[in-house]
Amino acid sequence: DFESAAPGSDAAALGASGLQISGGLVLSESLVGVLLGYPATGTWNTTPGGTNGALNTLSAKITLDFDVAVDSFEVDVLALPDADGNPGRVRVDAWAGALFLGSVASDAAAIGDSGLPEATLALAHSGITRIEIGPESGACLACPALPTSVWIDEMWFEPIPEPATAVLLGLSLAALAAHRRTH
């Protein structure tokens, strides 16, 4: 989540270990209300007791680059209306280097307590090294749309264990099993 970052700061300054974030500005719900005019307080954030999230105000999309590949990714998103005032959609794309792995998009009809489309989007692919989150316009991620059209909040991801870690885990389990048989 974005609770440890100061509202108004670049999401890149979050300092999450093993993850670089670009394109997002951390805002509190009350700051969203002041800057964008949306009544966000108490309805946009999904972190229990939290108020901060990130808007794609610094770029057309928010990009997450992982130091270690992950095999699953999940994020809470909220879509602002598109340039024509229609309910927006958020799209999440997964990449392994330059190889496109897949995508998932929110449903513009899934209106949440904010009065805007909200969803938890999840992808599961082996070897994800990059995630791109942005407005969906037809089949295009980050095609022309409002510059602040995506709010993200809590994210979850599962790193793929390094081979040495997997071997160590396997040896530890084997030793535990052997120890249990002898006692």
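**Salt bridges and surface**

Tutor: Lys 61, Asp 65, Arg 130 and Glu 132 are linked in a network of salt bridges. Keep in mind that this is a predicted model.

Student: How many salt bridges does a search of the whole structure find?

Tutor: Six. One of them joins the side chains of Lys 61 and Glu 132, at 3.4 Å from N to O. Lys 61 sits in the loop between β3 (52-55) and β4 (62-79), and Glu 132 in strand β8 (residues 128-137), so the pair ties together parts 71 residues apart in sequence.

Student: Is Glu 132 buried or exposed?

Tutor: Buried, because its relative accessible area is 7%, and the cut-off for buried is under 20%. Lys 61 is partly exposed, at 26%.

Student: Which other residue forms a salt bridge with Glu 132?

Tutor: Arg 130, with the closest N and O atoms 3.6 Å apart. Arg 130 counts as partly exposed, at 29% relative accessibility.

Student: What about Arg 91? Where does it lie?

Tutor: In strand β5 (residues 90-96). Arg 91 forms a salt bridge with Asp 93, with 2.8 Å between the closest N and O atoms. Arg 91 is buried, at 12% relative accessible area. Asp 93 is buried too, at 3%.

Student: New topic. Which residues form a nonpolar patch on the surface?

Tutor: Val 34, Leu 35 and Leu 36, with about 280 Å² of accessible area together. Leu 36 belongs to helix α1 (residues 29-36). Leu 36 counts as partly exposed, at 31% relative accessibility.

Student: Last one. Where is Gly 112?

Tutor: In the loop between β6 (99-105) and β7 (118-123). The C-alpha atoms of Gly 112 and Leu 78 are separated by 8.6 Å, though these residues are 34 residues apart along the chain.

Technical notes: Residues numbered from 1 in each chain as written. Predicted model: local features only at pLDDT ≥ 70, side-chain atom pairs only at ≥ 80, totals over all residues. Heavy atoms only, no water. Patch = residues over 30% accessible without salt bridge, like charges linked within 9 Å, V, L, I, M, F, W, Y side chains within 5 Å. Areas by Shrake-Rupley, 256 points an atom, 1.4 Å probe, with all protein chains shown as cover. Salt bridge = Lys/Arg side-chain N within 4 Å of Asp/Glu carboxyl O. Helix = DSSP H or I, 4+ residues; strand = E, 2+ residues; numbered from the N terminus. Buried < 20%, exposed > 50% of the residue type's maximum accessible area, 1.4 Å probe, protein only.
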